[in-house]
Amino acid sequence: MGNPKAFLTIPRQEAGYRPIHDRINDFSEVEQTLNTGERKLQASRCMDCGVPFCHWACPLGNRPPEFQDALYKGKWQEAYEILSQTNDFPEFTGRICPALCEKSCVLKLSIDAPVTIREDEAAIIEAAFREGYVKPHCYKRNGKSVAVVGSGPTGLAAANQLNRRGYEVTVYEKQEYIGGLLRFGIPNFKLNKPIIDRRIQVMEAEGIHFQTQAEIDLTNLPTGYDAYCICTGTPQARDLDIPGRDLQGIHFAMDMLAQQNRVLAGQTFSKEERISAKGKHVLVIGGGDTGSDCIGTANRQGALDVTQIEIMPQPPVGNNPATPWPQWPLVLKTSSSHEEGCIRRWSLTSNRFIGKNGHVCGVEVEEVEWIANPNGGRPTMKPTGKKEILKADLVLLAMGFLKPQLPALPENAVVAGDAATGPSLVVKCIAAGRQAAAQLDTYLKQSVRTN
């Protein structure tokens, strides 16, 4: 530990976002970065706790005290090597992870100013690519092959780990580009797509095969493989089956987000196909990250105004006694997209869509109350009868995703990530991919010994 008292004299400094008036005019990444000197100072704030709760909270088991110390001392390559031992893709988590590690940092508890672990992680991996520390490696082959179905964060992590263990790996992706949720679900202003392409090039150089536009029937898996890793995610969005659902102008959030990413990649769509918020009153139904991404996208497309509604009550601001440290705090989150312009409302349920000439023009909403369950568990929702009409020319449904119902699979197939658990975080998906690779490796080695 280089400077045991740095946290006493050096305040937390975040890189922050580009100015709103600048960033809403493009889809470039909104987050800025610190210079090398400032970044080293931020790393010095890590206290190298006897019990590192940051390590405990990270689904990947990252070791922040170790890579923070190396970063503070200017040992960038060592910091990268420590980080890459537990995290296959720091360039993804360093940009879009909600940083569970920071919420469990002891400095979060003591002075509400945790170490900037996520930003430091992003700085380390960017330096690694810039300085040439990230190099393709050749791995000795063991004569066995594995098919990975799905190229989201889970599939990419599983493929990466299996390849390192010597398996011949082929990744099948039903879409035209590799990346899954990273490619289609996350806007460019949070994760620029050349960041994905850069990593895929390294993986290809290491021997991993990718096949796009290859939709796999899980009841008839491709032959010729010793094992399969099913990482198909949660493609089915939760719908809102209320009167007027068939009106034009009502779309699943992911349809709008994926199309916008395709447009930025150079694809074109007809006027009838294009989902655009330009000149419209936009209503986002759902208060999570996907809804936030819709807000940022709608503002960049030129929406007149954006309203986001959530059926659950507004979370506490700043602190929530129900989720004490070092747990993840369930508190009000204001994203960069919210800052760019949005009306936010809570405890509203949608009763019906209202249309004119076949197109949506409003939504009837009703206030609800949430009554605590005396036996614990989910509270009961009670309509209050207080109804109103919200004007909306474009409605985006961002209410989450459904856990898929998968067919029976052979014993040499493992289901991993969101396909197994339902929707979760990218960092958890990467961890699940690593775990699935280890599980398949154990299975295949046992099969060799048995035979």
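A: Asn 357 sits in the loop between β9 and β10. Helices and strands here are DSSP runs numbered from the N terminus, a helix (H or I) having at least four residues and a strand (E) at least two. The model is predicted, so local features need pLDDT of at least 70 and side-chain atom pairs count only at pLDDT 80 or more, while totals for chains, interfaces and linings use all residues. Residues are numbered from 1 along each chain as its sequence is written, and side-chain values use heavy atoms, with hydrogens and water left out.

The phi of Asn 357 is near 55 degrees, a positive value in a residue other than glycine. With 78% relative accessibility, Asn 357 counts as exposed; the classes are buried under 20% relative accessible area, exposed over 50% and partly exposed in between, with a 1.4 Å probe and protein chains only. Gln 213 also has a positive phi without being glycine, near 50 degrees. Gln 213 belongs to the loop between β3 (209–211) and β4 (227–230) and is exposed at 62% relative accessible area. A cis peptide bond runs from Trp 325 to Pro 326, with omega near 5 degrees, and Pro 326 is in the loop between β7 and α16. Most residues other than glycine have a negative phi, and most peptide bonds are trans.

Glu 364 and Arg 352 form a salt bridge, their closest N and O atoms being 3.1 Å apart; the term requires a side-chain nitrogen of Lys or Arg within 4 Å of a carboxyl oxygen of Asp or Glu. Glu 364 is in strand β10 (residues 359–371) and Arg 352 in strand β9 (residues 348–356), 12 residues apart, and the pair links distant parts of the chain. Glu 364 is buried, at 13% relative accessible area, whereas Arg 352 is partly exposed at 36%.

The loop that holds Pro 326 takes part in another salt bridge, between Lys 333 and Asp 289 at 3.1 Å, N to O. Lys 333 lies in the loop between β7 (305–310) and α16 (336–339) and Asp 289 in helix α15 (residues 289–301), so this pair ties together parts 44 residues apart in sequence. Lys 333 is partly exposed at 44%, and Asp 289 is partly exposed at 43%. The structure holds 28 salt bridges, and a network of them links Arg 23, Arg 300, Glu 339 and Glu 340.

Rings of Phe, Tyr and Trp (its six-membered ring) pair if their centres lie within 6.5 Å; planes under 30 degrees apart are stacked, over 60 edge-to-face and the rest tilted. There are 7 aromatic pairs in the structure. In one of them, the rings of Phe 89 and Phe 92 have centres 5.3 Å apart and planes at 40 degrees, so the pair is tilted. Phe 89 is buried at 0% relative accessibility, and Phe 92 is buried at 0%. Tyr 225 and Tyr 228 pair edge-to-face, 6.0 Å centre to centre and with 70 degrees between the planes; both are buried.
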